[in-house]
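Open the model in your viewer and keep the selection tool ready. Each stop below tells you what to select and what is there.

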Amino acid sequence: MKFNPADNIQDLQYFGEFGGVNPSISDSSTYTFLSAKTMFDTFEGNADGCYLYSRHSSPSNLYLGQALAAMEGTETANVAASGMGAITPVLLQLCGAGDHIVSSRTIYGGTYAFMKNFLPKLNITTSFVDITKLDVVEAAITPNTKVLYCETVSNPLLEVADIESLAKIAKKHNLKLVVDNTFSPLSVSPAKMGADVVIHSLTKFINGSSDTVGGVVCGTQEFIDALRNVNDGASMLLGPTMDSLRAASILKNLRTLHIRMKQHSHNATYLAERFEQDGLKVVYPGLESHPSHKLYKEMINPEYGFGGMMTVDVGSLDKANELMELMQHRNLGYLAVSLGFYKTLFSAPGTSTSSEIPIEEQVEMGLTDGLIRFSIGLDNDIKRTYNMMKSCMQELGIL
Ligand SMILES: *Cc1c(COP(=O)(O)O)cnc(C)c1O
């Protein structure tokens, strides 16, 4: 049977303490033990199923982690207070002083800033490469390289990483392939293609209501145990712990992720195709014109589509700003960073989410001034939205 992430989530069954249809929220930071011996064993990591202290784990966080591990097809998972709270401990767990990372150069601005500006303080260095060029990726590997890092669909340029090929390179050189799958939940299952660790910012599509930040690391039991180890686990010791109340609310939103992803994909495909026909420069992995369209089509679980993210280049930053302000005025969406909301969100990445990347590097990677990143919402009648957006563009002389 083919791996289907949404079916895997559905097959989990939880009840609350009193037979509630949702699991009970664990409203405690610490837990009692019936015997002192069990407390000792738990500290040693030898008492599965016993809770110790909520920075380590809590029932609510474990429920959410289990559901996300089911979605990604990994042994287990550890939730975190934010996406960055998932990414940074993973890198610090896998790398020590003197180690090296090979990373895609088109990644989330915060991840880029962490590798570029923060990790060198610990003598961990990163080579940023064009992840779509496998020979360039392999050539960047040194004897000190420990991690190969990429996003399935990159932020903001929507480049696609060939995860299967990258996994082969990682295996050959004994590296861990870490994949940030935030832009493509359900659509792509990186662990099934050989990724060692899969990360999400839950803040985006997975929670989907733009009311919290959250993150998750999905991986082997051994790796997640290492992250949570009381003596040297980066997640345990740095402390980016998700609150139980939030874990419970994100788990409830996860229930509708498959329905939402289908609608995001449907709407984004409609707009990308129309705007491209109208002559705009559109980047969307579902378009034949996308350089990795064929590859991505092979990679995705087709029923969830090509995702909700697209970019449109309107020529200049001034035009981009004018258009975004007008679209917001007409209530077609919000001028805001982030993604995965019911409402369309748009921003100019060069001056916002990717502003950590120096201008020269932005130019080199094709991040142009007039680029608008869209996270397409769940609009009921996307044809109506298209007509309204087109009017905005016509009024501003973009179309
Ligand atoms: C938002 C985002 C992050 C960071 O997540 P936070 O929840 O904001 O900490 C990491 N990677 C990608 C691809 C993102 O879009």
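Select Leu 158. This residue is found in the loop between β4 and α7. Helices (H or I, at least four residues) and strands (E, at least two) are DSSP runs, numbered from the N terminus. Leu 158 has a positive phi of about 60°, although it is not a glycine. Most residues other than glycine have a negative phi, and most peptide bonds are trans. Is Leu 158 buried or exposed? Leu 158 counts as buried, because its relative accessibility is 0%. Buried means under 20% relative accessible area, exposed over 50%, and partly exposed in between (1.4 Å probe, protein chains only).

A word on what you are viewing: this is a predicted model, in which local features need pLDDT of at least 70 and side-chain atom pairs count only at pLDDT 80 or more, while totals for chains, interfaces and linings use all residues. Residues are numbered from 1 along each chain as its sequence is written, and side-chain values use heavy atoms, with hydrogens and water left out.

Stay in this loop and select Pro 156. The loop runs between β4 (145–151) and α7 (163–172). A cis peptide bond joins Asn 155 to Pro 156, with omega about 0°.

Now go to Leu 186. Look in the loop between β5 (176–180) and β6 (197–201). Leu 186 also has a positive phi, near 70°, and is not a glycine. With 2% relative accessibility, Leu 186 counts as buried.

**The ligand**

How many residues surround the ligand? There are 13, and the closest are Gly 83, Met 84, Asp 180, Thr 203 and Lys 204. Here, a residue is near a molecule or strand if one of its heavy atoms lies within 4 Å of it.

From Gly 83, a backbone N or O atom lies 2.8 Å from one. From Ser 201, a polar side-chain atom lies 2.8 Å from one. From Lys 204, a polar side-chain atom lies 2.7 Å from one.

Keep Lys 204 selected. Its place is in the loop between β6 and β7 (215–219). Lys 204 is buried, as its relative accessible area is 10%. UniProt lists Lys 204, in an unreviewed entry, for "modified residue: N6-(pyridoxal phosphate)lysine". UniProt positions are given in the numbering used here, feature names are shortened, and annotations may be inferred rather than shown by experiment. Setting aside neighbours within four places in sequence, Lys 204 is in contact (heavy atoms within 4.5 Å) with Tyr 108, Thr 182, Ser 338, Leu 339 and Gly 340.

**Two buried polar residues**

Select Asn 78 in strand β1 (residues 76–80). Asn 78 counts as buried, at 10% relative accessibility. Its side chain makes a polar contact of 2.9 Å with the side chain of Arg 228. A polar contact is a pair of N or O atoms within 3.5 Å; within protein, one must be able to donate a hydrogen and the other to accept it, and residues adjacent in sequence count only if both atoms are side-chain atoms.

Next, Asp 379. Find it in the loop between β12 (371–375) and α15 (382–395). Asp 379 is buried yet has no salt bridge. A salt bridge is a side-chain nitrogen of Lys or Arg within 4 Å of a carboxyl oxygen of Asp or Glu. Which side chain of opposite charge is nearest to Asp 379? Arg 384 is, at 6.6 Å. For charge, Lys and Arg count as positive and Asp and Glu as negative; His and the chain ends are not counted. The side chain of Asp 379 does make a polar contact of 2.8 Å with that of Thr 385.

**Salt bridges**

The count comes to 13 salt bridges. Select Lys 146 and Asp 99, whose closest N and O atoms are 2.8 Å apart. Lys 146 lies in strand β4 and Asp 99 in the loop between α4 (83–94) and β2 (100–104), so the pair ties together parts 47 residues apart in sequence. Lys 146 is partly exposed, at 32% relative accessible area, whereas Asp 99 counts as buried, at 12%.

Then take Lys 116 and Glu 361, a salt bridge with closest N and O atoms 3.3 Å apart. Lys 116 is in helix α5 (residues 109–118) and Glu 361 in helix α14 (residues 359–364), 245 residues apart.

For the last stop, select Arg 105, Asp 130, Lys 133 and Glu 364. These are linked in a network of salt bridges.
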